[in-house]
Amino acid sequence: MQDASRNTDLYFIVEQLYPRDGLLPSLGEIGPSVMQVYRTVYELTVKQDIFLDGERISAGNTTLWQSFKYLAGGKITVTDSPGPQCLYKLAYSGSEVITVPLAGFESDRLSLLSKKSVFTPTLFNFGHDPVKNISLYGRGGLSFFMEDGGQEAPVAAARYNRRTGELRVITSRSELSKLMSTAAASCKQQ
């Protein structure tokens, strides 16, 4: 049995870009392009308490007697924890590799060489992406920001409310941190 939580339909998406074509040969602006998009999705949840026959139990630390009562048909009740117990859960962490055999080359005859293909290696991915239809990389009007004077990897972040469909683009790590803490502090009021 695992800890209980209730989804708030509020997600924070962070994507980082890592170019992987540094060792591939190119001719000026024309050449192969390989980009790794590392994606992390955090889900805001409300912590809940679990009760077995009216007695509060700890989901990760049940006794043999509690397990027996549960298997014998004991009544399970789940309620929101008292206080502002909102937590972030890592819903998904993984990457996509986007390749173009000849980036910067446009031709009707050789369109296959300039076609973008996406490969998602599932070996190192964690979880299931609950908002896979919302992508930041390749989205028009969205800028990636770079911290540490441009030395860090380019990052894009957004807050997505699945209930309303609102996507708010975040422009810095400090704004991301502030929005996440504000959302966690007020999540039970929603």
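## Reading the labels on this predicted model

User: Why is arginine 159 called buried?

Analyst: Arginine 159 has a relative accessible area of 19%, and buried means under 20%, exposed over 50% and partly exposed in between (1.4 Å probe, protein chains only). Residues are numbered from 1 along each chain as its sequence is written, and side-chain values use heavy atoms, with hydrogens and water left out.

User: Where does arginine 159 sit, and what does it touch?

Analyst: You will find arginine 159 in strand S8; strands (E, at least two residues) and helices (H or I, at least four) are DSSP runs, numbered from the N terminus. Contact means heavy atoms within 4.5 Å. Leaving out residues up to four places away in sequence, arginine 159 touches Leu10, Tyr11, Phe12, Glu166, Leu167, Arg168, Ile170 and Leu179.

User: What makes strand S8 stand out in pLDDT?

Analyst: pLDDT is the predictor's confidence in each residue, from 0 to 100. Strand S8 (residues 155-161) has the highest mean among the elements of the protein chain, 94, while strand S6 (residues 117-119) has the lowest, 64. Over the protein chain the mean is 78, and 74% of the residues reach 70 or more. Where pLDDT is low, the predicted coordinates should not be read in detail.

User: How do you know that glutamate 15 and arginine 39 make a polar contact?

Analyst: The side chains of glutamate 15 and arginine 39 are 2.6 Å apart in that contact. A polar contact is a pair of N or O atoms within 3.5 Å; within protein, one must be able to donate a hydrogen and the other to accept it, and residues adjacent in sequence count only if both atoms are side-chain atoms. Glutamate 15 lies in strand S1 (residues 4-19), and it is buried because its relative accessibility is 2%. Beyond its neighbours within four places in sequence, its contacts include Val37, Tyr38, Arg39, Phe144 and Pro154.

User: Why is the pair of phenylalanine 12 and tyrosine 88 called edge-to-face?

Analyst: A search of the whole structure finds 1 aromatic pair. Phenylalanine 12 and tyrosine 88 form it, with 5.9 Å centre to centre and 75° between the planes. Rings of Phe, Tyr and Trp (its six-membered ring) pair if their centres lie within 6.5 Å; planes under 30 degrees apart count as stacked, over 60 as edge-to-face and the rest as tilted. So 5.9 Å makes it a pair and 75° makes it edge-to-face. Phenylalanine 12 is in strand S1 and tyrosine 88 in strand S5 (residues 86-103), so the pair ties together parts 76 residues apart in sequence.

User: Are the two partners buried or partly exposed?

Analyst: Phenylalanine 12 is buried at 0% relative accessible area, whereas tyrosine 88 is partly exposed at 28%.

User: What makes the phi of aspartate 9 worth a look?

Analyst: Most residues other than glycine have a negative phi. Aspartate 9, in strand S1, has a positive phi of about 65° although it is not a glycine.

Definitions and conventions:
Predicted model: local features only at pLDDT ≥ 70, side-chain atom pairs only at ≥ 80, totals over all residues.
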